[in-house]
Amino acid sequence: MVQTPSRHRGSEFQAANSVQPAKRDTILVGDSLSLPNTKLFGTDGIRGKVGELLNAPLALQVGFWAGQVLRQNTPNLGPVILGQDSRNSSDMLAMALSAGLTAAGLEVWNLGLCPTPCVAYLASVSDSVGGVMISASHNPPEDNGIKFFGSNGSKLSQQLQEQIEAGIRGAKVPVASLVCGHHYHRSELVKDYATSLCDSLQQMNLEGMRIVLDLAWGAAAGLAPAVFAKMGAEVVCLHDSPDGDRINVNCGSTHLDSLQAAVLEHNADLGFAFDGDADRVLGVDNQGRAIDGDYILYLWGRQLRDSEQLPSNLIISTVMANLGFERAWEELGGKLTRTNVGDQYVHAEMQRTGAMLGGEQSGHILCPHYGISGDGLLTALHLASLVRQSGQSLAQLVSGSFQTYPQLLRNIRVDDREKRLKWHECEAMQNAIERATTAMGEQGRVLVRASGTEPLMRVMVEAASAELANFWTENLVLAVQQHIAI
């Protein structure tokens, strides 16, 4: 159990007097904020460009109303666990959020730089009211985000997010009596999370393995190399210092080229690329081939099935999961259930069905046997351990798993938030999708959606042949450009 620090004045951070008013009307500044007409909370918290959607006044309000909602919906009044990635704007947002949270009467334990799953883990073992992570995950440096966790380490429910947003927008949300909270720097607690990662391997180690890690200039830069080295691996690192100007830029889980080259150059057993907050991971095998979340789910799922740790042989994934993966898993006697894109939907379906493995093609993997939330470091450790136990190379394991169907994914930038989120109301776009779906029949499928984390429309086409996938991808991209991105 994580211990509460002693209350000494030297470690306190008091909220500004102007944030602790005598009556509610002086608290509410939501009317003066520049808020979008669409919802603030997307599929992964509040995310946007710093200085536009995200700024200090908004973060202050988010902190205050989140504090009110957490106080009223949590039995014990414990601390809020606060973490951040390496973005230049993260310090500013952390200070503003902390001011709002302490103004709401809560105690803040500030971890500083750490992965998102570290916040989730510590929230679950600290008798906390919840956790907050400041990060835009895989987004570019100019973006940032705020995402909340409940006291059990799970993403905060949509209902509670709606209550927070209602307060920000000026609804009559009940306000508890106000007594300023306290702010503590608790970076030492990150070691407890690191210990939990190592313990999850249950006496296994990675001795004799050479592993390349791409840390994306992000939140896992200092932590991941130490954890892998402690487990016995020889570690080669890329982009391994926190850098707010370069986080995710041409590196990490969205850009595998440098990792693939490094694995081949160093004759490594495998490599892992994390995103900016390390809640997801993609792999590279010893032949330099990219290993996405579908392969990770298949290989880990097969291991759990063989050890009778996978109820009903069920895996939960999303509509993005490749048909090749689904059919290969079914041939093993397994079942794959699809959800909307977003780990919150995967998690909800796992809770509903009792599934013990789920995740996304993008590398966000959930395994309740070992962790509370999606955790890139945890997933990477277990995949490396799986390879070592198998006596085969990762390339051999992948070659013996399944062949993917040709799948193309194109992103089209749409800066108009309202037009992007209401794209499905466009009749011309719906007609284009219907034409593609009808033409391909059982030979393919189409997925068009608005990103919940970036100003993008995403077009995915999967088909029996690359030519068919390419033709309809280009057709649908053109439709988005003509009717949505104008």
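This is a predicted model: local features need pLDDT of at least 70, side-chain atom pairs count only at pLDDT 80 or more; totals for chains, interfaces and linings use all residues.
Trainee: Let's start with α3. How many residues does helix α3 have, and how far does it reach from its first C-alpha to its last?
Mentor: Helix α3 runs over residues 90-103, so to speak 14 residues, and reaches 20 Å, close to the 20 Å expected at 1.5 Å a residue.

Trainee: Is α3 mostly covered or mostly open, and how many of its residues are buried?
Mentor: Mostly covered: 11 of the 14 residues in α3 are buried. Among them are Leu93, Ala96, Leu97, Gly100 and Leu101.

Trainee: You mentioned β6. Where does His183 lie, and is His183 buried or exposed?
Mentor: His183 lies in strand β6. Its relative accessible area is 4%, so His183 is buried.

Trainee: Which side chain does the side chain of His183 make a polar contact with?
Mentor: That of Asn110, at 3.4 Å.

Trainee: New topic: helix pairs. How do α9 and α12 cross?
Mentor: The axes of α9 (residues 293-306) and α12 (residues 376-390) come within 11 Å and cross at roughly 60°. That angle is why α9 counts as oblique to α12. The contact is made by Ile296, Leu299, Trp300 and Gln303 of α9, with Thr379, His382, Leu383, Leu386 and Gln389 on the α12 side.

Trainee: Is that crossing left-handed or right-handed?
Mentor: α9 passes α12 in a left-handed crossing.

Trainee: What about α7 against α12: what angle do they cross at?
Mentor: Roughly 25°, with the axes of α7 (residues 223-230) and α12 coming within 11 Å. The two helices are therefore roughly parallel to each other. The crossing of α7 and α12 is right-handed.

Trainee: Which residues meet there?
Mentor: From α7, Leu223, Ala224, Val227 and Phe228; from α12, Leu377, Ala380 and Leu381.

Trainee: Okay, now Glu326. Where is Glu326, and is Glu326 buried or exposed?
Mentor: Glu326 sits in helix α10 (residues 323-331). With a relative accessible area of 15%, Glu326 is buried, because the cut-off for buried is under 20%.

Trainee: What is Glu326 in contact with?
Mentor: Leaving aside neighbours within four places in sequence, Glu326 is in contact with Leu336 and Arg338. The side chains of Glu326 and Arg338 are joined by a polar contact of 2.8 Å.

Trainee: Which residues does Arg445 touch?
Mentor: Arg445 belongs to strand β17 (residues 444-450). Not counting residues up to four places away in sequence, Arg445 touches a list that includes Val319, Leu323, Arg338, Gln407, Met460 and Glu462.

Trainee: Which polar contacts does the side chain of Arg445 have?
Mentor: One of 2.8 Å joins the side chains of Arg445 and Glu462. A polar atom of the Arg445 side chain also lies 2.6 Å from the backbone oxygen of Val319.

Trainee: Last one: how far apart are Arg445 and Ala463?
Mentor: They are 6.5 Å apart in space, C-alpha to C-alpha, and 18 residues apart in sequence.

Key:
Residues are numbered from 1 along each chain as its sequence is written. Side-chain values use heavy atoms; hydrogens and water are left out. Helices (H or I, at least four residues) and strands (E, at least two) are DSSP runs, numbered from the N terminus. The expected span of a helix is 1.5 Å times one less than its number of residues. Buried means under 20% relative accessible area, exposed over 50%, partly exposed in between (1.4 Å probe, protein chains only). A polar contact is a pair of N or O atoms within 3.5 Å; within protein, one must be able to donate a hydrogen and the other to accept it, and residues adjacent in sequence count only if both atoms are side-chain atoms. Axes are lines fitted to C-alpha atoms, for helices over the stretch in contact, and angles run from 0 to 180 degrees between N-to-C directions. Angles under 35 degrees count as roughly parallel, over 145 as roughly antiparallel, 65 to 115 as roughly perpendicular and the rest as oblique. A crossing is left-handed if the near helix is turned anticlockwise from the far one by less than a right angle, and right-handed if clockwise. Contact means heavy atoms within 4.5 Å.
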